[in-house]
Every structure is written in C-alpha cells, then in structure tokens.
Amino acid sequence: MPTAPEFRQMLRDVSLRVTGPRVAVLTAVHGNPHADTDSIIGVVRGELGAVSHQAVYDVLRALTAAGLVRRIEPPGSVARYEARVGDNHHHVVCRSCGAIADVDCAVGFAPCLTASDAHGFTIDEAEVVYRGLCPRCSTTTTPPFPS
C-alpha cells in the first residue's frame with residue numbers, strides 16, 4: 001500500500017488539492033478493496049474524527065473522476081470502490097455473503113473490449129461479474145442450484 005507522501009503525490013499528479021479528507025479516503029479505499037461508502041466513512045472517521053457523509057461522497061466522486069479509484073456496482077449490491085484502476089479487470093461475487101474478489105481477464109489483457117457488434121459505440125470498458133460461492137460459504141451453505 002502506498003505511503004501518505006505517495007498518496008499526496010497521487011493527488012497532485014491529477015491536479016487535485018491535497019486535503020486531509022482526500023488522503024484519508026484514498027487510504028481507506030487502498031486498505032479496504034471493494035468497500036462500500038458506509039465502510040469508507042467509518043474508516044475515514046476513525047482517522048479524522050468528524051467528517052460528513054457528503055464530504056466523503058464528494059471526495060469519492062472527485063477521486064473517481066480523476067481516475068484514482070474505480071466505482072463498481074455489482075448487481076444487487078450498493079456501489080463499491082477500489083484502487084485497482086486502468087486494467088479492465090473483472091469481479092467474482094459470492095451469492096451468499098456478498099464477498100468480492102478481483103479476476104484478471106482470461107488471457108492477460110482486455111480481449112473483451114472487442115464486442116461482436118458494438119452498435120456504433122466506442123467501447124472503452126467492459127464489466128464481467130462472475131457469481132458463485134466463496135470458499136467459506138461453499139463449505140457452510142447449500143448451493144441454490146444443482147451440483
């Protein structure tokens with residue numbers, strides 16, 4: 001995980017002013033992959049004390065727009081944030097507990113950006129969500145489908 005000086009430099013590199021909330025949110029996202037906003041708010045409040053929900057939402061929006069974090073919205077889940085950006089990776093989501101993990105593209109690069117028919121769109125991102133049971137749930141939960 002980057003250090004506080006490295007987080008400050010990341011902000012400067014994308015022309016964002018360095019503020020305590022921005023550094024704290026960036027640190028929280030790096031330290032808690034796939035965290036939802038409420039979880040990030042909890043981590044930031046633990047670091048800074050009182051900070052409003054709106055301030056964290058505003059920082060997340062700015063960091064996402066600057067390309068420092070990525071917002072993902074797995075089906076059936078609230079928005080989540082991750083620091084892994086720019087590589088068009090995908091996600092696997094546990095049907096039981098909602099755990100999320102990163103999954104690299106099958107052949108090591110972004111083959112899924114070539115759609116069979118783009119319908120005139122200029123495609124710059126593809127999102128694939130794999131679903132199943134995580135290792136913990138697969139030993140404690142009966143799958144909702146035939147084995």
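Biologist: Where does UniProt place the feature "binding site"?

Modeller: The unreviewed UniProt entry puts it at C94, C97, C134 and C137. These four are spread over 44 residues of sequence, yet they cluster in space, with a largest C-alpha distance of 8.1 Å. UniProt positions are given in the numbering used here, feature names are shortened, and annotations may be inferred rather than shown by experiment. Residues are numbered from 1 along each chain as its sequence is written. This is a predicted model, in which local features need pLDDT of at least 70, side-chain atom pairs count only at pLDDT 80 or more, and totals for chains, interfaces and linings use all residues; side-chain values use heavy atoms, with hydrogens and water left out.

Biologist: Good to know! Why is C94 called buried?

Modeller: C94 has a relative accessible area of 5%. Buried means under 20% relative accessible area, exposed over 50%, and partly exposed in between (1.4 Å probe, protein chains only). C94 is therefore buried.

Biologist: And what makes C97 partly exposed?

Modeller: The relative accessible area of C97 is 37%, so C97 falls in the partly exposed class.

Biologist: Where do C94 and C97 lie?

Modeller: C94 is in strand β4, residues 90-94, while C97 is in the loop between β4 and β5 (100-103). Helices (H or I, at least four residues) and strands (E, at least two) are DSSP runs, numbered from the N terminus.

Biologist: Which residues does C94 touch?

Modeller: Not counting residues up to four places away in sequence, C94 touches A99, G132, L133, C134 and C137. With that exclusion, C97 touches C134, R136 and C137. Contact means heavy atoms within 4.5 Å.

Biologist: What about α2 and α4: why are they roughly perpendicular?

Modeller: α2 and α4 pack at about 70°, with their axes 10 Å apart. They are therefore roughly perpendicular to each other. The contact is made by P21, R22, V25, L26 and V29 of α2 and V56, V59, L60 and L63 of α4.

Biologist: Which residues have the most contacts inside the largest nonpolar core?

Modeller: They are V25, I40, V44, V56 and L63, in a core of 21 residues. A nonpolar core is a set of buried Ala, Val, Leu, Ile, Met, Phe, Trp, Tyr and Cys residues joined through side-chain atoms within 4.5 Å. The elements that give two or more residues to this core are α1 (4-13), α2 (20-31), α3 and α4, and α2 gives the most, with 6 residues.

Key. Axes are lines fitted to C-alpha atoms, for helices over the stretch in contact, and angles run from 0 to 180 degrees between N-to-C directions. Angles under 35 degrees count as roughly parallel, over 145 as roughly antiparallel, 65 to 115 as roughly perpendicular and the rest as oblique.
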